[in-house]
Amino acid sequence: MSHPKFVWNIDGSSVIRHERAGCGGILRDERMNCVKLFAKSFDEACSSSFTEVYAFLHAMEITQSMIKEGKLPEQLRLEIRTDFESLAMFIRGENHFSNTVERDLAEKGCDILRSLTTNWNVTKVTRSSNFVADLLAGNAHVLGNISHLNLPEIIENEIGLDLYGYERTDEYMEQKKRELRTKLGE
């Protein structure tokens, strides 16, 4: 019997000159229905790599909590999708972070992942196919620390496009980000 599959798309974002950073993620079931999402903002500027690694750790902590609460099955297959190559390689054991904070966070995330399931994989994806996580991470400072499904319509529409592997141009993504910031009153 095959265990149900769940997919995390995760992303981090950092804009040093504006001193804002955040991370985000969306968990989907094997039918690609949204099960959980999060956006987390940071109070101070931090590196993009830190936000990417933190997104992974936070996604693993959420998965662990959902299993303990009975919201996810104890036996599952898990795929992590990230547009950060160094993180994907680290999770697969092919790379190490020289920054000790990032390495420690990534190791903690890997420990949680391996305690949850032996049936996992990590995929490096393009930025455009990770767009919902990108929207959540890049707008975490406006969205606040959310972990529910009360989303602006713009993000809801993009979730649908992600399901079909819709590749977006950089111009399209920037336009949608501007629309979201306008809608959120930034």
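Student: Ground rules before we start?

Tutor: This is a predicted model, so local features need pLDDT of at least 70, side-chain atom pairs count only at pLDDT 80 or more, and totals for chains, interfaces and linings use all residues. Residues are numbered from 1 along each chain as its sequence is written, and side-chain values use heavy atoms, with hydrogens and water left out.

Student: How many helices and strands does the protein chain have?

Tutor: There are 7 helices and 5 strands. Helices (H or I, at least four residues) and strands (E, at least two) are DSSP runs, numbered from the N terminus. The order along the sequence is β-β-β-α-β-α-α-β-α-α-α-α.

Student: What share of the 186 residues is buried?

Tutor: 51%. Buried means under 20% relative accessible area, exposed over 50%, partly exposed in between (1.4 Å probe, protein chains only).

Student: Which strands does β1 pair with?

Tutor: β4 (residues 77-82) pairs with β1 in the parallel sense, over 6 bridges. β2 (residues 20-28) runs antiparallel to β1, with 9 bridges. Two strands pair if DSSP finds at least two bridges between them. Lys5 sits opposite Arg77 of β4, and Ser13 has Gly22 of β2 as its bridge partner.

Student: And why is β1 largely enclosed?

Tutor: Because 9 of its 11 residues (5-15) are buried.

Student: Switching to the largest nonpolar core. Which residues touch the most other members?

Tutor: Trp8, Ile10, Phe56, Met60, Leu78, Ile80 and Leu87, out of 37 residues. A nonpolar core is a set of buried Ala, Val, Leu, Ile, Met, Phe, Trp, Tyr and Cys residues joined through side-chain atoms within 4.5 Å.

Student: Which element gives the most to this core?

Tutor: α1, with 11 residues. Another core, of 7 residues, lies apart from it; Ile26, Val132, Ala140 and Leu143 are among its members.

Student: Now α4. Why is that helix largely enclosed?

Tutor: Helix α4 (residues 131-138) has 8 of its 8 residues buried, so the rest of the structure largely encloses it. Asp134 is one of those buried residues.

Student: What is Asn130 in contact with?

Tutor: Leaving aside neighbours within four places in sequence, Asn130 is in contact with Asn9, Ile10, Asp11, Arg81, Thr82, Asp83 and Val125. Contact means heavy atoms within 4.5 Å.
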